[in-house]
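Subject: the model we talked about

Hi,

Here is the structure for you to open alongside this email. My notes on it follow below.

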Amino acid sequence: MCKTIITTIMVLALTVNANLIVNSGFEDPAVTATAYNLTGTDIPGWVIPDGYAVDLAHPSDKWVAASGDQSLALNALTYGKITQQIATIPQAIYELTFMYAGNPAIEGGIAKTLVTAAGSSQQYDFDTTGYTHADMGWTQQVLVFAATDNVTTVSFESLIDGINSPAIDDVSVVMTQIPEPAAIAILAIGGLFIRRKRI
Ligand SMILES: [Ca+2]
Ligand SMILES: [Ca+2]
């Protein structure tokens, strides 16, 4: 039974620092030119909610990604939105990071995106002034959140209208802090099994 406890603790330890996001760099599906007006589950791992559409930007005709070849253009023709559900432990602390920039052609120059996870929500603005498709000025952004459920929806929602987009790449969610009750529960369950064995 000790082995089970140790295995459980090891699994939890491995879970910390592992990226929970699938297709985090938007490299799937692989395209050779920018793919426009993607909806539903066109991008594996992600869900584009009903009524929204996004583009998958490729450097052959759009901008250079933060990493890999491809990145997300959050607007297809207007306000875009994309979400992903991840398994979480209630009360554990998670760090969401992503690379952020914007199409330099955005009207007014400022990309605006609302990022939401569990009860945490923040607006991120990016000034595209002086940047080009070859030099997007990608910067890493962070949102820390506490999970409230076994499943958490991570959401990116554009706050600007038009065909020109906020740009997103390399999304990551890692657990940074296991809630104490979870650790205590694991030890308590272990203790229960040991007592049973003795009887
Ligand atoms: Ca990428
Ligand atoms: Ca677009």
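Buried residues account for 32% of the chain's 199 residues. By buried I mean 20 or more other C-beta atoms within 10 Å of the residue's own, with exposed at 12 or fewer, partly exposed in between, and C-beta atoms placed from the backbone. Bear in mind that this is a predicted model: local features need pLDDT of at least 70, side-chain atom pairs count only at pLDDT 80 or more, and totals for chains, interfaces and linings use all residues. Residues are numbered from 1 along each chain as its sequence is written, while chains are lettered from A and ligands numbered from 1 in the order in which they are written.

The overall layout

The chain has 2 helices and 10 strands, and along the sequence they follow the pattern α-β-β-β-β-β-β-β-β-β-β-α. Helices (H or I, at least four residues) and strands (E, at least two) are DSSP runs, numbered from the N terminus. Of the contacts between residues at least 6 apart in sequence, 76% join residues at least 24 apart. A contact here requires C-beta atoms, placed from the backbone, within 7 Å of each other.

The sheet

There is an open sheet of 6 strands in the order S1-S2-S3-S10-S5-S8, with antiparallel pairing. S1 (35–38) and S8 (139–146) are the edge strands; each has a single partner strand, so one side of each is left without a neighbour in the sheet. On average, neighbouring strands of this sheet are turned by 30° against each other, direction ignored. For that angle, axes are lines fitted to C-alpha atoms (for helices, over the stretch in contact), and angles run from 0 to 180 degrees between N-to-C directions. Two strands count as paired if DSSP finds at least two bridges between them.

Within the sheet, S2 (residues 54–57) and S3 (residues 71–73) are antiparallel and pair over 3 bridges. Leu56 sits opposite Leu72 in S3.

S6 pairs with S7 in the antiparallel sense, through 8 bridges. In S7, Gln123 is the bridge partner of Leu114, and Gln122 is that of Val115. S6 also pairs with S9, again antiparallel, over 5 bridges; there, Ser155 in S9 is the bridge partner of Thr116.

Which residues make up the covered face of S6, and which the uncovered one? Ala111, Thr113, Val115 and Ala117 are on the covered face, with Ile110, Lys112, Leu114 and Thr116 on the uncovered one.

The core

The largest nonpolar core has 42 residues, and Val54, Leu72, Ala167 and Ile168 have the most contacts inside it. A nonpolar core is a set of buried Ala, Val, Leu, Ile, Met, Phe, Trp, Tyr and Cys residues joined through C-beta atoms within 7 Å. S2, S3, S5 (93–102), S6 (110–117), S9 and S10 (166–177) each supply at least two of its residues, and S5 gives the most, with 6 residues.

Leaving aside neighbours within four places in sequence, Val54 is in contact with Leu38, Ile48, Leu72, Ala73, Leu74, Ala76, Gly80 and Ile82.

Phe156 is also worth a click. Phe156 is in S9 (residues 151–158) and counts as buried because it has 24 C-beta neighbours inside 10 Å. Not counting residues up to four places away in sequence, Phe156 touches Leu74, Lys81, Ile82, Thr113, Val115 and Ile168. Phe156 and Thr83 are 73 residues apart in sequence, yet 6.3 Å apart in space, C-alpha to C-alpha.

Most residues other than glycine have a negative phi, and most peptide bonds are trans. A few spots here go the other way:

- Asp28 to Pro29 is a cis peptide bond, with omega near 5°. Pro29 is in the loop between H1 (2–15) and S1.
- Phe26 is not a glycine but has a positive phi of about 55°. Phe26 also lies in the loop between H1 and S1, and is buried, with 28 other C-beta atoms within 10 Å.
- Ala118 has a positive phi near 50°, in the hairpin of S6 and S7, which has 2 residues between the strands. Ala118 is in the loop between S6 and S7 (120–127) and counts as partly exposed, with 19 C-beta neighbours inside 10 Å.

Cheers

Key:
Two residues are in contact if their C-beta atoms, placed from the backbone, lie within 7 Å.
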